[in-house]
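Subject: Structure handover and findings

Hello,

Here is the structure I promised to pass on. Please open it alongside this message.

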Amino acid sequence: MKKALILFVTALVLVSCKGTDKYVLRDSLGKVNKVLVVTKASDWNGDLGSEIRNSFGEILVGLPQAEPILSVSQIAPNGFGSMMKVSRNIMIIGEGKKEEFYIKRNVYAQPQIIVYVYGTDDASISKVFNEHKKEIMDAYIDSDIKMTQKIFEKKKLDESQFETVKNLGITFTAPDNYNKVDDTGDFLWLRQHLLSGIAKTGSNNILVYSVPLEDEEKVAENIVNVRNQIGEKYIPGTNEETMHMITEEAYTPFTSEMILDGKRTFETRGKWEVKNDFMAGPFLNYSVIDKKNNRIVVFEGFTYAPSVNKRAFIFELEAIAKSMKIK
């Protein structure tokens, strides 16, 4: 009887009542791009832990400072109590009778994603983890993007007020602290000043425009040329005659293919700089092939935040970009 009462009280701690017959999970806690790994200290300090840290700790492409794709922390199974169970991103590792991998969502809190990796010994666990590594990392990142987008929806910028957005026939979800820098009807530039938190100066920026679709198979190789032309035309430096944004020549951008809004899209991560000046930072460019309208819709975000890490700023721009839809 006593054991049953304890289980009942524990259940009440993990949920809150809503109405007379519905229960909702507690809000999850934790920073974006951070994963809590539940495993024995001996495993974490051994080869298995090194494997996980090295995988999640791969350097995110395009950032001036070296920053990992995902940050990780570890806790032993006996320390995985009710406070830790409300973490948003969790990976549980352990030994079992067979090799297993599966993902559950919103188990103890919401939004939450828990990845389970089991093997018969450390080598077996490592094998399962490596087989599903990309799927695991994508699951955490996609979950954090959806959560970030929901936060932005609560204080959403009315993007329909901009002529360029109306002319292009697109929608996207950005927070309402972005302000217009330029809106020509063909080109939109929005800026969010970074004057609080870790960044005491600088900005996050959004660019939206389109270019004609001439050869679909050459879109990727022309991305740098297109953005350099846009920078020269629309994004000046402190001296408008001699300074403008370009793609940093000393760093080769990385382009990969994906699907955005159901359309073939090229994601490019790289670094920008201002020609003849010392301003620079990372950018994230999505070139979406809109065959129906014979064009490429470009949504780019770039960050200027001197002397601080920039992963969180670029991640917010990624969440905004991936909310874009073409009507």
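Below is what came out of the analysis, from the whole chain down to single residues.

**Ground rules**

This is a predicted model, so local features need pLDDT of at least 70 and side-chain atom pairs count only at pLDDT 80 or more, while totals for chains, interfaces and linings use all residues. Residues are numbered from 1 along each chain as its sequence is written, and side-chain values use heavy atoms, with hydrogens and water left out.

**Whole chain**

The protein chain has eight helices and 18 strands. Both come from DSSP runs, numbered from the N terminus: H or I of at least four residues for helices, E of at least two for strands. Along the principal axes, the C-alpha atoms fill a box of roughly 80 × 50 × 40 Å.

Of the 327 residues, 46% count as buried. Buried means under 20% relative accessible area, exposed means over 50%, and partly exposed is in between (1.4 Å probe, protein chains only). The accessible surface comes to about 17100 Å². Carbon and sulfur atoms hold 51% of that surface. Areas come from the Shrake-Rupley method with a 1.4 Å probe; for residues, only the protein chains shown count as cover.

Contact means heavy atoms within 4.5 Å. Among contacts with a separation of 6 or more, 59% are between residues 24 or more positions apart.

The chain carries 43 positive and 44 negative charges, and their mean positions are 9 Å apart. Lys and Arg count as positive, Asp and Glu as negative; His and the chain ends are not counted. Each charge is placed at NZ of Lys, CZ of Arg, CG of Asp or CD of Glu.

**Salt bridges**

There are 16 salt bridges in the structure. The criterion is a side-chain nitrogen of Lys or Arg within 4 Å of a carboxyl oxygen of Asp or Glu.

One network links Glu216, Glu217, Glu257, Arg264 and Lys291. Within it, Glu216 and Lys291 meet at 3.3 Å, N to O. Glu216 lies in the loop between β12 (203-212) and α7 (219-234), and Lys291 in the loop between β16 (280-290) and β17 (295-304), so this pair ties together parts that are 75 residues apart in sequence. Glu216 is buried, at 18% relative accessible area. Lys291 is exposed, at 58%. Glu257 and Arg264 also form a salt bridge, at 2.8 Å, N to O. Arg264 is partly exposed, with 23%.

Among the buried ones are Phe313, Phe315, Leu317 and Ile320. Glu318 is buried too, at 6% relative accessibility. Its side chain forms a salt bridge with Lys322 (2.7 Å, N to O). Lys322 is partly exposed, at 25%.

Thr173 sits in the loop between β9 (170-171) and β10 (179-183). Thr173 is buried, with 10% relative accessibility. Leaving aside neighbours within four places in sequence, Thr173 contacts Gln149, Phe152, Glu153, Lys156, Ile320 and Ser323.

Asp43 lies in helix α2 (residues 41-44). Asp43 is buried yet has no salt bridge. The nearest side chain of opposite charge is Lys40, 4.1 Å away. Beyond four places in sequence, Asp43 is in contact with Leu48, Gly49 and Asp122.

Asp122 is in helix α4 (residues 122-131) and is partly exposed, at 32% relative accessibility. Asp122 forms a negative surface patch with Asp47, Glu95 and Asp121. Patches use residues with over 30% relative accessible area and no salt bridge; like charges are joined within 9 Å, nonpolar side chains (Val, Leu, Ile, Met, Phe, Trp, Tyr) within 5 Å.

**Lys34**

Lys34 is found in strand β3 (residues 34-38). Lys34 is partly exposed, at 39% relative accessibility. Not counting residues up to four places away in sequence, Lys34 touches Ser71, Ser73, Asn89 and Asp144. Lys34 and Asn89 are 55 residues apart along the chain, with their C-alpha atoms separated by 6.7 Å.

Best wishes
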